[in-house]
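This report goes through a single protein model, from its overall dimensions to a few individual residues. The sequence and coordinates are shown first.

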Amino acid sequence: MDVRSFPNPYQDYTKDASVPFNSAGQLNHDFVNRLNLKIRELLIRMESELEHADPRDFTVYTGWSGIALLYLHLAEVYGDDYLEKAHRYASKGVRGVVRHGSSFLCGASGPYAVAAVTFYKTGQGKKAEECISKVLELHPYVMEGKNREPDELLYGRVGYLYSLLFINKHYKEEKIPFKYIQEMCDRILKSGENFADQKKMKTQSPLLYEWYKECYVGPAHGLAGIYYFLMQPECKVSSEKLQALVRPSVEYVRRLKFPSGNYPACSDDNRDLLVHWCHGAPGVIYMLTQAYKVFQNNEYLADAAQCAEIVWQRGLLKKGYGLCHGAAGNAYSFLAMYNLTHDLKYLYRACKFADWCLDYGSHGCRVPDTTYSLFEGLAGTIYFLSDLTNPEKARFPAFEL
């Protein structure tokens, strides 16, 4: 028995199953109403939890900037009434920034990027420009690598790269000149080549990366997240480099797959344990779906479908309902597959994981250290439930573009 997850109590999708959507994937009124009622309830609870929040935590991952990102998202889903709170928390985030790291989730660029977009949407162009300048001031620091800047998403260069892409996405133009994105991608590619050469593993994986002396696999600290971003069309990595460097590196990760279809936390880990976004199938699935889009190889889609099976079987986690290691984060893997394949089975599964989250707190899950936060707590669950109201637009926050 899997001690890390609850047995999935739901019947899987069949054409005769009772579903909360029509044949076009549009959610019915009753289910959307349930989602909206729960969102309002959890927002009240989250705001009460924020009274006890660490006033110094400026990060997107567990701090004020993550709450700002939630309200920025709610403004997109429900309207501009939520922008006032996005502005309040984004302002708290940038006021608290301390220079330690440059990533979106856990470093300085994320709070400035979230604030830039929030100020832009609230008509404060000058303040937005000041925040963008702060993001770009980090660029030489991230490029140099004198402080052993890692390449991964949570703390490193890919996390900084996401901040650049995030700003352009919300401005809907090349607000960040492409040269900054290109330079960062080139730096990440060179770093991966150098480390693969150092480890004498270039024939196995032309691009290799480590974090704390381990080759992590998942998107937060590892290979799957780095390859996922290098394959993004916004990064414009040449087709030659994609074929020569990224594709064989994706193949390396594929060879690490357990017989179950899950993936290890690290390249030398033989324990089939973790089914989280940060480690295991729920995170690797994004690398596989993006590889399918870029290289049009059905084997990538088949592996992604296998990841989704693992999430369905083992994804209702005892760790809770959050994004990084909880049911809400795991549910996004179904939405990624639904938006790629339009197979209603995946929308059904996402709705069932939402049902689980609608009973927030009733399953005996662990209580996270930051109960209110975006990546561990309430804010992340609210983000997912609101995203589900329009499944075709759903994207894993601070990761999917």
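The model is predicted, and totals for chains use all residues.

**Overall form**

The secondary structure consists of 15 helices and 0 strands. The radius of gyration is 20 Å, close to the 21 Å that the globule rule gives for 401 residues, so the protein is as compact as a globular protein of that length. The C-alpha trace spans about 55 × 50 × 35 Å along its principal axes. Buried positions make up 61% of the 401 residues. Among contacts with a separation of 6 or more, 67% are between residues 24 or more positions apart.

Charged side chains number 46 positive and 46 negative. The centres of these two sets lie 2 Å apart.

**Helix α9**

The buried residues are L223, A224, G225, I226, Y227, Y228, F229 and L230. They pack against α7 (157–171) and α8 (178–198), and also against α10 (239–255) and α11 (281–295).

**Cysteines**

With a cut-off of 2.5 Å between cysteine sulfur atoms, the count comes to 0 disulfides. C106 is in no disulfide, and the nearest cysteine sulfur, that of C324, is 8.8 Å away. For C235, the closest cysteine sulfur is in C185 at 3.7 Å, which is too far for a bond.

**Loop residue K318**

K318 sits in the loop between α12 (298–314) and α13 (327–341). Which residue lies 45 residues from K318 along the chain, with the two C-alpha atoms 8.3 Å apart? That residue is H363.

**Accessibility of the residues discussed**

| Residue | Relative accessible area | Class |
|---|---|---|
| C106 | 10% | buried |
| C235 | 2% | buried |
| K318 | 27% | partly exposed |

Why does C106 count as buried? Its relative accessibility is 10%, and buried means under 20%. C235, at 2%, is buried as well. K318 has a relative accessible area of 27% and is therefore partly exposed.

Note on methods: Residues numbered from 1 in each chain as written. Predicted model: local features only at pLDDT ≥ 70, side-chain atom pairs only at ≥ 80, totals over all residues. Heavy atoms only, no water. Helix = DSSP H or I, 4+ residues; strand = E, 2+ residues; numbered from the N terminus. Rg over C-alpha atoms; globule rule 2.2 N^0.38 Å. Buried < 20%, exposed > 50% of the residue type's maximum accessible area, 1.4 Å probe, protein only. Contact = heavy atoms within 4.5 Å. Lys, Arg positive; Asp, Glu negative; His and termini not counted. Charge placed at Lys NZ, Arg CZ, Asp CG, Glu CD.
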